[in-house]
Amino acid sequence: MKNTLKYLLLPALAAGILACADNDVDRNEYVYKDEEEEQPGTLPARKVEAMDQNSVWSTYEAVTVDRVPGYTPTAEPDRDVYGGWDVGGFTATGFFHTEMKDGRWWIVDPLGNPFINAGVAVFKPVISPTTNAAIAAKYGDETSWAAAEAAQLREHGFNGFGAWSRSHLLKGKEPYTVLVSPMTSLRSSLPGYGQDASVSMGWQGFENDIIMVFHPDFDAHVTRTVQELSQWQGDPYFLGFYSDNELPWVNDALDRFLTRKGSANSGWEYGYDHVWDWFRARKGNPSATAADITQADRDAFSAYYMEAYMSKIKAAAEIYAPDHMYLGTRFNQQDQELNNQPLMVEAGKYADIISVNHYRLWQPDQDRMSNWINWSGTPFMVTEFYVKGVDSGMPNESGAGWLVNTQADRGYFYQNFTMELLKSRGCVGWHWFRYMDNDPEDADGDSSNLDGNKGIVDTEFNHYTDLWDLMKELNTNIYQLIQHFDK
């Protein structure tokens, strides 16, 4: 394991390390050394020093498995070949699906067992000289790597894989998900897109933070990308698919369509004309202007906008992957789409599960999660979250995740975060982002994945032991904790 502590040289982070120096942990017992005689479930929450996305260090509480009030960790119950809880009680369809029972949503695995998807996203090696050499030395090739590491993850309580994973190496062996990107494909095909410097470009790379769902070529890109799912159709281990990652579902999309123009040859005029026709028809006034927009109009357009996107993808999936779940488009913005009731209601009509990339908050908010469940009428899963560690020695300057001092702190974050998800009766899983640390030499790297300690392993496949052990402790208590929280 890398443990160079480079950032102990930085005063601000050194202060953070010193502030939590009393968090010395006996990794065999998961408790503070001076509390070894205390009973599980009676200890206070841990204190963790963490830096948020505004680079501010503060102290946060983290409830860990040994500190859940009134809970005593027990042996993990039997699991089936998919990683589900081997107790039956649900419909066995031969494929993954969702059911609600006694007020809690579940994924149901192909054998009819309840299944909470504790997964890892981006299960693939980075493409760099360091990692290529490590694969050759430790595993021989990628096929052997995938088999060995998937077995290790299963032994540590994980039971699936998120977006951008080596699905072809998991097919028929481990539960996996697949991402298709029809809107991103359309954007890449437009010759003038993003070429006018005077046009506002959102952080997700879309002009004016709107997507081209009304472009006449969108349907062809839906067909072409969703058709790729046919190679996974029929595999009982194929849990489901997402469409596009972190699209800009802004709450004022109606205003933007009606008042902003895009780059020449980008196709912006198709949306402009279509939305003006929709708006004036809604108003019953062919002379209506943008000054006539009301909040009711914005809400109605949010639903219409989402329906125009998701209905086409769902229809294509019924042709190319009819036996598998649509996990929706991967939402991201807490104060935009995730706080937009009409949009979430519409998304729930087409998605089997709502997917949320969860950043910015130390832990999930129970009221927000209740809104997602109640508005959409479907369960949700968190498809990205992570925290980085100073003690990795990495710069940790890219990416949206929190920063803590040690790998043990990363494990405390994981346990606290996922237990808040388990308390929600609508969460059916989560995917840690990501399997391997960033590598600046990664040929597939992007601006948000350059230098962060996001992985469970470093770029030479060494596991971060403290994090690894704490993840296992939580994962092997998932079903027992659900029973405890649901009392």
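This is a predicted model: local features need pLDDT of at least 70, side-chain atom pairs count only at pLDDT 80 or more; totals for chains, interfaces and linings use all residues.

Trainee: OK. Which residues of α13 are buried?
Mentor: Leu467, Trp468, Leu470, Met471, Glu473, Leu474 and Asn475.

Trainee: And what covers the buried residues of α13?
Mentor: The cover includes two strands, β8 (117–120) and β17 (427–432). It also includes the helices α3 (142–155), α12 (407–423) and α14 (478–485).

Trainee: Take α12. At what angle do the axes of α12 and α13 cross?
Mentor: Roughly 20 degrees, and the axes come within 7 Å. Angles under 35 degrees count as roughly parallel, so α12 is roughly parallel to α13.

Trainee: Is the crossing left-handed or right-handed?
Mentor: α12 passes α13 in a right-handed crossing.

Trainee: Which residues meet there?
Mentor: From α12, Gln407, Ala408, Arg410, Gly411, Tyr412, Tyr414, Gln415, Thr418 and Met419. They meet Asp466, Leu467, Leu470, Met471, Glu473, Leu474 and Asn475 of α13.

Trainee: How does the contact of α12 with α13 divide into nonpolar, polar and charged?
Mentor: Eight residues are nonpolar, five polar and three charged.

Trainee: Switching to aromatics. How many aromatic pairs are there?
Mentor: The count comes to 45, taking ring centres within 6.5 Å as a pair. Look at Phe214 and Tyr305: the centres are 6.4 Å apart and the planes are at 25 degrees. Planes under 30 degrees apart count as stacked, so this pair is stacked.

Trainee: Where do Phe214 and Tyr305 lie?
Mentor: Phe214 is in the loop between α5 (182–189) and α6 (218–226), and Tyr305 is in helix α9 (residues 295–320). So the pair ties together parts that are 91 residues apart in sequence.

Trainee: Are those two buried or exposed?
Mentor: Both Phe214 and Tyr305 are buried. Now compare Tyr386 and Phe433, a tilted pair: 5.9 Å centre to centre, with 35 degrees between the planes.

Trainee: Which parts does the pair of Tyr386 and Phe433 tie together?
Mentor: Tyr386 lies in the loop between β14 (380–384) and β15 (387–389). Phe433 lies in the loop between β17 and α13, so the pair ties together parts 47 residues apart in sequence.

Trainee: What are the relative accessible areas of Tyr386 and Phe433?
Mentor: Tyr386 has 2% and Phe433 has 6%. Buried means under 20%, so Tyr386 is buried, and so is Phe433.

Trainee: Last one. Which residues form the aromatic cluster?
Mentor: Tyr60, Phe158, Trp362, Phe385, Trp402, Phe413, Tyr414, Phe417 and Trp432 form one cluster. Tyr414 is also one of the α12 residues that meet α13.

Key. Residues are numbered from 1 along each chain as its sequence is written. Side-chain values use heavy atoms; hydrogens and water are left out. Buried means under 20% relative accessible area, exposed over 50%, partly exposed in between (1.4 Å probe, protein chains only). Helices (H or I, at least four residues) and strands (E, at least two) are DSSP runs, numbered from the N terminus. Contact means heavy atoms within 4.5 Å. Axes are lines fitted to C-alpha atoms, for helices over the stretch in contact, and angles run from 0 to 180 degrees between N-to-C directions. Angles under 35 degrees count as roughly parallel, over 145 as roughly antiparallel, 65 to 115 as roughly perpendicular and the rest as oblique. A crossing is left-handed if the near helix is turned anticlockwise from the far one by less than a right angle, and right-handed if clockwise. Ala, Val, Leu, Ile, Met, Phe, Trp, Tyr, Cys and Pro count as nonpolar, Asp, Glu, Lys and Arg as charged, and the others, Gly among them, as polar. Rings of Phe, Tyr and Trp (its six-membered ring) pair if their centres lie within 6.5 Å; planes under 30 degrees apart count as stacked, over 60 as edge-to-face and the rest as tilted.
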